[in-house]
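Reader: I am new to this structure. Could you walk me through the terms, one value at a time?

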Amino acid sequence: FSVKVYVKLNHKSPHILCLTNHLRNLELIDPKFHWNGPGGGLSSENSSVEISPIGTLILSNFKLSGVYTCSIFYKLAVMQPDNNLLIKYLIYAYSDPNAYYEFTAQYHAAPCNSYHNAYFEKTLVQILNKLVEELSCEVALIKAECHHIKMQRGGLQNEIFFKFSVDSINREDRLCQQSACDAPHRLNKAKQIIERFFKQQVETGKQSSEQLPEIYYIDNTLQMVRVDRCYPGYGIDAVLHPDCPECCVACSPGSYNPSNGIHCLRCDTSLIYGATMC
């Protein structure tokens with residue numbers, strides 16, 4: 001049977017043994033080890049491969065998911081012939097889900113065909129991006145729709161329904177603390193800043209003695225939802241990978257993920273690990 005091993009993408013693997021539990025408790029005479037990977041024979045001459053004298057394999061900067069096998073040749077007694085055992089591993093690269101937030105908000109608006117609405121949409125996106133710029137995050141407008149709303153016991157009013165995304169941008173900044181540079185940390189800070197921005201709009205409106213402007217935020221309409229995603233070629237599957245149920249694991253042969261979804265899709269013609277197309 002095959003043993004599944006999970007190695008974080010671009011990280012070092014654990015020590016992968018070329019021994020069974022039974023053989024570990026025996027004295028082996030003249031043991032010889034030979035490792036093969038998806039690209040053929042493995043050797044310590046490769047800078048990303050390390051094989052110890054007792055056959056233990058360590059892979060550095062790991063990317064190549066697939067079947068890895070080790071052949072061990074040994075004797076249990078000097079006069080006996082060689083024994084040969086083949087050990088098979090399925091080594092999967094994985095990464096943590098890459099998350100972003102989607103958020104919606106509603107604004108009282110000018111008439112739906114008014115240029116004031118279009119100008120306000122552009123200005124609002126610019127303001128939100130300025131707020132999260134120092135965190136290396138980015139706000140994008142997904143859609144903005146203006147609708148006529150019949151109010152309870154009232155007339156018609158115009159409302160804009162906004163949908164945005166806020167995402168962290170990859171950056172290399174050696175001057176900041178590691179935790180502060182961490183993408184999930186930056187993204188969570190951006191979420192808090194955006195929530196505070198909309199809350200302050202309500203508070204400012206309540207404190208002002210002036211009449212509300214034509215376009216203003218409607219209290220309690222902000223909704224924020226975390227969305228997980230995986231890199232292309234990776235997916236989450238707790239059934240296939242119960243030891244890594246929340247990991248984005250390289251898609252197995254027979255499946256693929258072409259985009260930033262979280263599942264590997266079935267594809268009978270896909271023969272490789274980490275496929276991004278069918």
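Reader: Are Cys230 and Cys248 buried or exposed?

Author: Both Cys230 and Cys248 are buried. Buried means under 20% relative accessible area, exposed means over 50%, and partly exposed lies in between, with a 1.4 Å probe and protein chains only. A word on the basis: this is a predicted model, where local features need pLDDT of at least 70, side-chain atom pairs count only at pLDDT 80 or more, and totals for chains, interfaces and linings use all residues. Residues are numbered from 1 along each chain as its sequence is written, and side-chain values use heavy atoms, with hydrogens and water left out.

Reader: What makes the link of Cys230 and Cys248 a disulfide?

Author: The S to S distance is 2.1 Å. A disulfide is a pair of cysteine sulfur atoms within 2.5 Å, so the pair qualifies. The pair links distant parts of the chain, 18 residues apart: Cys230 is in the loop between S12 and S13, and Cys248 is in strand S14 (residues 248-250). Strands here are DSSP runs of E with at least two residues, helices are runs of H or I with at least four, and both are numbered from the N terminus. The torsion about the S-S bond is -75 degrees, a left-handed link.

Reader: Why is the disulfide of Cys18 and Cys70 called left-handed?

Author: The torsion about the S-S bond is about -90 degrees, so this disulfide is left-handed. It spans 52 residues, from Cys18 in the loop between S1 and H1 to Cys70 in strand S6. The sulfur atoms of Cys18 and Cys70 are 1.7 Å apart.

Reader: How do you know that Cys18 is buried?

Author: Its relative accessibility is 1%, so Cys18 counts as buried. Cys70 has a relative accessible area of 0%, so Cys70 is buried as well.

Reader: How many disulfides does the structure hold?

Author: The structure holds 6 disulfides. One of them joins Cys244 and Cys247, with sulfur atoms 1.9 Å apart. That link is left-handed, with -80 degrees about the S-S bond. Cys244 and Cys247 are buried.

Reader: What makes Asp167 and Arg229 a salt bridge?

Author: Their closest N and O atoms are 2.4 Å apart. A salt bridge is a side-chain nitrogen of Lys or Arg within 4 Å of a carboxyl oxygen of Asp or Glu, so this pair qualifies. Side chains of opposite charge can pair when their charged atoms come close.

Reader: Why is Lys130 called exposed?

Author: Lys130 has a relative accessible area of 60%, so it is exposed. Glu133 has 49%, so Glu133 is partly exposed.

Reader: What makes S2 and S6 a pair of strands?

Author: Strand S2 (residues 29-37) and strand S6 (residues 66-75) share 6 bridges in the antiparallel sense. Two strands pair if DSSP finds at least two bridges between them, so S2 and S6 pair. S2 and S3 form a hairpin with 2 residues between them.

Reader: How do you know that Asn117 is buried?

Author: Asn117 has a relative accessible area of 3%, so it is buried. Asn117 lies in helix H2 (residues 115-132).

Reader: Which residues does Asn117 contact?

Author: Leaving aside neighbours within four places in sequence, its contacts include Cys112, Cys146, Ile160 and Ile215. Contact means heavy atoms within 4.5 Å.

Reader: Why is His11 called partly exposed?

Author: Its relative accessible area is 42%, so His11 is partly exposed. His11 lies in the loop between strand S1 (2-8) and helix H1 (21-24). Ser13 is found in the loop between S1 and H1 too. At 5% relative accessibility, however, Ser13 counts as buried.
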